[in-house]
Amino acid sequence: MAERRAVVEATGGRYRRSSKKGKGRILDEIVELTGYERSYARLVLRGSGRKVYAGAKRYIGRAGPRSARKKEYDEKVLEVLRQVWKTMDYICGKRLKPVLAEVLARLEYFGEIACDEETRIKLGRISAATIDRQLASERKKYQLKGRSGTRPGSLLKSQIPMRTFSEWDERQPGFAEIDLVGHDGGDASGEYIQTLDFTDVCSGWTEMQAVKNKARVWVFEAIKEIRARLPFPLLGIDSDNGSEFINHHLLEYCQAEEITFTRSRPCRKNDNCFVEQKNWSVVRRHVGYQRLEGEDELAVLNDLYHYLRLYVNYFQPSMRLASKERCGAKVKKKYETAQTPYQKLLGSTHLGRSQKQKLTDEYNQLNPAELKRRIEALQDKLLKSAARTRQKFARHGLLVAGAPATRSPWHESNGRFYNQKHLE
């Protein structure tokens, strides 16, 4: 570096006094000696050896400090962006950008946000990367790990084929993956509430139903309830190998209703990757890992899911992998533009006009900010109920496994619940 600087200082005066052709020859020499890019070499040669005073400071090589770049997005724009981002449950810029204008219009319509025309124009041209950069100081990331409570069902495996995708048309809504999420709070003893998570592979449409335990009768009833409120016909389901799914009742029901029933390979969680993803992004993120049990908490959880299904399916965009290409040691992935399940269903050719109109009518009545407030209120109710359950365990000397005795292991951040032992 010192040698390069010495060459530039020795040549700078001669460069500035030379003609145009002379400057070209000097530039060729400097580029060859220093390895600088030609444009950068021209810049340092023009400013070399100059001393410019500005007040008490001296600047060498340029007339003064570079002026600060004017901010494109002022605090007014960022305040509106933060409100939309919080309403959309703190999603990333790539998911937020495609629906930003639409969600902003919905919030303005319901009087949740006041936005002037200039701010609206700026938000219309903001990029996904800029969204992430502007919100970086407020974003917090946590890495949580769950537990699996699946018990294998040995019966009927020969009658229920493993999923080979040969009978599934994943471009058509109706083929779904199902799974159970246990709310044991770290202690798998006794009975505790389970969530049946249902995810359509094509559109990402997600339904949740809480059941009192893993008994076959409750899971079977939950599947029928979810099917009744789907905006499209159920064509196929794919489950893991748990006994709550691998049983005669569900098999006979699927055969009678002409529903394709398949199962994943044992110990291959990625076979059910679509529903496994929703287990975290929807269920765990909004309910947490606390222990839930009893009829009261079951009712509160199903009330929460009533609003959560509307919020997720109509206002939460997701990106789907379009292609994957390996280039040596690197893998290049390309994703489709982020869309909500509602938008994907409107673009599907497999739904009729009346089905799409029914979805649109329901969408027009929804206020995402009001849904978010109701969800957070029910989350608070669950949190307080879980704290009472913990106190009951403590009085009987039965603390939830892994939880400190002096304080609740749960705290709330950004409207979501996190277990302290996973964060330490």
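This is a predicted model: local features need pLDDT of at least 70, side-chain atom pairs count only at pLDDT 80 or more; totals for chains, interfaces and linings use all residues.
Biologist: How do α1 and α2 pack, at what angle and how far apart are their axes?

Modeller: Helix α1, residues 2-17, packs with helix α2, residues 20-34, at an angle of about 175°, and their axes are 11 Å apart. Angles over 145 degrees count as roughly antiparallel, and α1 and α2 are therefore roughly antiparallel to each other.

Biologist: Which residues meet there?

Modeller: From α1 the contact takes in Arg4, Val7, Thr11, Arg14, Tyr15 and Arg16, while α2 brings Lys23, Ile26, Leu27, Glu29, Ile30, Leu33 and Thr34. By class, the residues of this contact of α1 with α2 divide into 6 nonpolar, 2 polar and 5 charged.

Biologist: Switching to α4 and α6, are they roughly parallel or roughly perpendicular?

Modeller: Helix α4, residues 75-87, packs with α6 at an angle of about 95°, with the axes 11 Å apart, and α4 and α6 are therefore roughly perpendicular to each other.

Biologist: And what does that contact consist of, by residue and by class?

Modeller: Val80, Leu81, Val84 and Thr87 in α4 meet Leu100, Val103, Leu104 and Leu107 in α6, and the residues of the contact of α4 with α6 divide into 7 nonpolar, 1 polar and no charged.

Biologist: New topic: how many cavities of 30 Å³ or more are there?

Modeller: The structure holds 2 cavities of 30 Å³ or more, and the second largest cavity has a volume of about 50 Å³.

Biologist: What lines the second largest cavity?

Modeller: Its lining is made up of Val99, Glu102, Val103, Tyr314, Phe315, Thr340, Tyr342, Gln343 and Tyr363, and the elements that give two or more residues to that lining are α6 (100-109), α12 (294-315) and α13 (341-346). The lining residues of the second largest cavity divide into 6 nonpolar, 2 polar and 1 charged.

Definitions and conventions: Residues are numbered from 1 along each chain as its sequence is written. Side-chain values use heavy atoms; hydrogens and water are left out. Axes are lines fitted to C-alpha atoms, for helices over the stretch in contact, and angles run from 0 to 180 degrees between N-to-C directions. Helices (H or I, at least four residues) and strands (E, at least two) are DSSP runs, numbered from the N terminus. Angles under 35 degrees count as roughly parallel, over 145 as roughly antiparallel, 65 to 115 as roughly perpendicular and the rest as oblique. Contact means heavy atoms within 4.5 Å. Ala, Val, Leu, Ile, Met, Phe, Trp, Tyr, Cys and Pro count as nonpolar, Asp, Glu, Lys and Arg as charged, and the others, Gly among them, as polar. On a 1 Å grid over the protein atoms alone, a cavity is a set of points where a 1.4 Å probe fits but cannot get out, and a pocket is an open set with protein on both sides within 12 Å along at least five of seven lines; lining residues have an atom within 4 Å of a point. Grid points are joined across faces, edges and corners, and a volume is the space filled by probe spheres set on the points.
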